[in-house]
Amino acid sequence: DPLITIGQFELSDLQSYQDERLQLILESNADIISLQEVEWSSLEKLHEYFTCCGYPYFECMKNEARQTGMVLYSKFPFTFMSEVNDSNTLGILGRIEWMNGEQAEELFLFSTFLNPVRDEHTRMQLRKRLGNYAHRL
């Protein structure tokens, strides 16, 4: 069976390329890297860094109110990408394709911030959101 690895990281307050968190993210050797809470001022640095380090595919969704973004970097091309902005919660829905020998494989994914479930009402809201994501994919 083919294996795709996904790394999920929070990367606020990035100061430079020498930030040790960037090296740790690369050392994860994930095929897809999802970054949350990326400040807009860091987006250009991150794009240059990750594209030079073997992640040529890039998608970013911006949260205007918070001036942050959610970013996906991938070793494989995206065949579908869509922004989710549900209840002021930013997310990305997508699909990638890669070759497993001579056979094309697909992976459907979504990346978002999920609030903790503390009661039945919150659980039902989360269930509805997840259902909406699945339907859109």
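Here, buried means under 20% relative accessible area and exposed means over 50%, with partly exposed in between. That scale comes up again and again below, and it is applied to a predicted model.

Start with the overall picture. The protein chain has three helices and seven strands, and along the sequence they come in the pattern β-α-β-α-β-β-β-β-β-α. The C-alpha atoms fill a box of roughly 45 × 40 × 20 Å along the principal axes. For 137 residues, a compact globule would have a radius of gyration near 14 Å, and the 16 Å of this chain agrees with that. Of the 137 residues, 37% count as buried. As for how the chain meets itself, 50% of the contacts between residues at least 6 apart in sequence join residues at least 24 apart.

Four strands make up an open sheet in the order 1-2-4-3, and the pairing is mixed. Strand 1 (6-10) and strand 3 (57-63) are at the edges; each has a single partner strand, so one side of each goes without a neighbour in the sheet. On average, and ignoring direction, neighbouring strands here are turned by 15 degrees against each other.

Strand 4 (residues 68-74) pairs with strand 2 in the antiparallel sense, over six bridges. Strand 4 is also joined to strand 3 by seven bridges, again running antiparallel. One of the residue pairs here is Tyr57 with its bridge partner in strand 4, Ser74. Strands 3 and 4 form a hairpin with four residues between them, and Gln67 in the turn shows a positive phi of about 55 degrees. Helix 2 (residues 43-52) lies across strand 2, strand 3 and strand 4, and runs at about 160 degrees to strand 2.

Ser34 sits in strand 2 itself, opposite Leu72 of strand 4. With a relative accessible area of 1%, Ser34 is buried, since the cut-off for that label is under 20%. Leaving out residues up to four places away in sequence, Ser34 touches Gly7, Gln8, Phe9, Val71, Leu72 and Ser111. Ser34 and Ser74 are 40 residues apart in sequence, with 8.8 Å between their C-alpha atoms. Ser42, for its part, is in the loop between strand 2 and helix 2. Ser42 is buried too, with a relative accessible area of 1%. From Ser42 to Gln125 the C-alpha distance is 32 Å, and the two are 83 residues apart in sequence.

Then there are the charges. The structure holds two salt bridges. One is between Arg95 and Glu106, whose closest N and O atoms are 3.4 Å apart. This pair links distant parts of the chain: Arg95 belongs to strand 6 (residues 89-100) and Glu106 to strand 7 (residues 103-112), 11 residues apart. Glu106 has a relative accessible area of 42%, which means that Glu106 falls between the 20% and 50% limits and counts as partly exposed.

The other salt bridge joins Arg123 to Glu120, with 2.7 Å between the closest N and O atoms. Both residues lie in helix 3 (residues 120-136), three residues apart, or about one turn of the helix. Arg123 is partly exposed at a relative accessible area of 33%, and Glu120 is partly exposed as well, at 47%.

What about a charged residue that has no salt bridge? Asp31, in the loop between helix 1 (20-27) and strand 2 (32-39), is buried yet has none. The nearest side chain of opposite charge is Lys75, at 4.1 Å.

Methods:
Residues are numbered from 1 along each chain as its sequence is written. This is a predicted model: local features need pLDDT of at least 70, side-chain atom pairs count only at pLDDT 80 or more; totals for chains, interfaces and linings use all residues. Side-chain values use heavy atoms; hydrogens and water are left out. A salt bridge is a side-chain nitrogen of Lys or Arg within 4 Å of a carboxyl oxygen of Asp or Glu. Helices (H or I, at least four residues) and strands (E, at least two) are DSSP runs, numbered from the N terminus. Buried means under 20% relative accessible area, exposed over 50%, partly exposed in between (1.4 Å probe, protein chains only). Lys and Arg count as positive and Asp and Glu as negative; His and the chain ends are not counted. Two strands pair if DSSP finds at least two bridges between them. Axes are lines fitted to C-alpha atoms, for helices over the stretch in contact, and angles run from 0 to 180 degrees between N-to-C directions. Contact means heavy atoms within 4.5 Å. The radius of gyration is taken over C-alpha atoms; the globule rule is 2.2 Å times the number of residues to the power 0.38.
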